Amino acid sequence: METSTCSKKIVQLRSSDGQLFEVDEEAAMSSEILKNMIEMGMPSPLPLYEVDATTLAMIVESWNRRLQEKRGEITEAELERWEEEELLKSKEPDGDAICVLLAANYLEDEHLIDRAGEAIAHHIKDMTVEEVRDYFEIENDFEREEEEKVFQQNAWAFH
Amino acid sequence: MDASPFLLIAAGATAICCFCALWALRLGPGSFFRKPSPLIKSPTKLCGCSCSCADEEVAADGEEMAAEVERQGAAAGSSMMEQLVPEITTHALSYLDYTSLCRLSMTNSAMRRAANDDGAWKALYHKDFTVEQDSINPSNGWKAYYASTKAIISLNAEFYNIIRERGILLFPFHRYNAVMDSWFLAFNWGQGGGQGLAFHIRDVRARVLSEMAWVTMKAYVDVDSGPFHVTNVYEFHNGRWYMVHHHSSVILMNGDPGMLNFFG
């Protein structure tokens, strides 16, 4: 199939909460899952059972930007800056980077998994253990004694 | 003095060798080998982590671990992260540095299993240290091996930092003036001036066994001379690491064996 710069093949996606999105087919191919669905000729709208509308909106925009970069409409540096500052910036609990990582993992989008993984690593780099718990919204389920043991065993990493 | 710089440096190397051998005998307060972390305290195990790693069955098989964690997560009710945990592969964990990985393992029991994953620590070891030891299988798991390697390399670096910054006057070995004198001579230090040596060490490699470790590296003294090959051997006694052997030899620069043989 010929890909011209005027390629207008659109594909419809449906988020887990029922919202519909229209995406350039070429952009959607960033996701292995969608690529397979498209190549298998699955009917639109393609259902994404584990990605909600908010997250899907962000991801679709990231795909569009990657397509722009591929076509030379924006530079790689501009793409990276957008990803860092807009897509993955939030350090709030249950923030963007985590949502994007989960969705990218489901969608099998290697590039986005990498970016989100790096962003999360960067976010938690200088956090305390308590802050990491808040960030990931996880409960401390250690008994007091066990917790002391765990802290002691890992003390070597904090000299 | 008409001696060539080469000779002086070789003399210095010998002085260092003698000095380090003497240094190894020194025990007691004032020794500035680092305070051992609680991890290294036990003389029988390499680190406290090894006990728990064994007890908590750090899974070499990621899938088995993931399944176990998923059961846990489902029971506990799912935050985003607990959804993520079954999905965490060595790949995803690979973005974290050792501090973050440890911190993650301290958050809760599910995270501890995930973040203590043997494969993740093996990958981190390869990233931070070397891939040259690909075939070894550390008996206490890769996290413990990473921890002990880091400890040895830090200790080794600190030895050179001290020489670099404070010079020889820190070590009051009154009985060993001959060694001190030759050191001063070799590096042109005046009395009362403890100017440090600009050692730079590169290509540091460590191999750590339960009670012994060795570190090899290249040491560069100054711009004009070539690097030394250096090997330091450490032994673990009473909860601390001690340097018990030091060897350095000049790397042949011009293929002239004559000068090298002066000190054998």
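**Chatting through hairpins and sheets**

Q: What do β1(A) and β2(A) form, and how many residues sit between them?
A: β1(A) and β2(A) make a hairpin, with five residues between them. In the turn, Gly18(A) has a positive phi of about 90°. Keep in mind that this is a predicted model.

Q: Okay. Which way do those two strands pair, and over how many bridges?
A: They're antiparallel, with five bridges linking β1 (residues 10-14) and β2 (residues 20-24) of chain A.

Q: Which residues face each other there? Start with Val11(A).
A: Val11(A) has Val23(A) in β2(A) as its bridge partner. Another pair is Leu13(A), which stands opposite Phe21(A) in β2(A).

Q: What's the strand order in the chain A sheet?
A: The order is β2-β1-β3, in an open sheet of three strands with mixed pairing. At the edges you find β2 and β3 (46-47) of chain A, each pairing on one side only.

Q: How many helices and strands does chain A have?
A: Chain A has eight helices and three strands. Going along the sequence, the pattern is β-β-α-α-β-α-α-α-α-α-α.

Q: And how much of chain A is buried?
A: Of the 159 residues in chain A, 43% are buried.

Q: Switching to chain B. What's the strand order in its sheet?
A: Four strands line up as β1-β2-β3-β4 in an open sheet of chain B, and the pairing is antiparallel. From one strand to the next, the twist averages 20°.

Q: Why do β1 and β4 of chain B each have a side without a neighbour?
A: β1 (200-208) and β4 (240-250) of chain B are at the edges of the sheet with a single partner strand each, so one side of each has no neighbour in the sheet.

Q: What about β2 and β3 of chain B, how many bridges do they share?
A: Eight bridges, in the antiparallel sense, between β2 (residues 212-220) and β3 (residues 228-237) of chain B. In one of the facing pairs, Ala219(B) stands opposite Phe228(B) in β3(B).

Q: Where is Val230(B), and is that residue buried or exposed?
A: Val230(B) is in strand β3 of chain B. Its relative accessible area is 3%, so Val230(B) counts as buried, the cut-off being under 20%.

Q: How far is Val230(B) from Met217(B), going by C-alpha atoms?
A: The separation is 5.3 Å between C-alpha atoms, although the two residues are 13 apart along the chain.

Q: Which residues make up the nonpolar surface patch on chain B?
A: That patch is Leu209(B), Met212(B) and Trp214(B), with about 230 Å² of accessible area together.

Q: Where does Met212(B) lie, and how accessible is that residue?
A: Met212(B) belongs to strand β2 of chain B. With 30% relative accessibility, Met212(B) counts as partly exposed, because that class lies between the buried limit of under 20% and the exposed limit of over 50%.

Key: Residues are numbered from 1 along each chain as its sequence is written. Chains are lettered from A and ligands numbered from 1 in the order in which they are written. This is a predicted model: local features need pLDDT of at least 70, side-chain atom pairs count only at pLDDT 80 or more; totals for chains, interfaces and linings use all residues. Side-chain values use heavy atoms; hydrogens and water are left out. Two strands pair if DSSP finds at least two bridges between them. Axes are lines fitted to C-alpha atoms, for helices over the stretch in contact, and angles run from 0 to 180 degrees between N-to-C directions. Patches are made of residues with over 30% relative accessible area and no salt bridge: like charges are joined within 9 Å, nonpolar side chains (Val, Leu, Ile, Met, Phe, Trp, Tyr) within 5 Å. Accessible areas come from the Shrake-Rupley method with a 1.4 Å probe; for residues, only the protein chains shown count as cover. A salt bridge is a side-chain nitrogen of Lys or Arg within 4 Å of a carboxyl oxygen of Asp or Glu. Buried means under 20% relative accessible area, exposed over 50%, partly exposed in between (1.4 Å probe, protein chains only).
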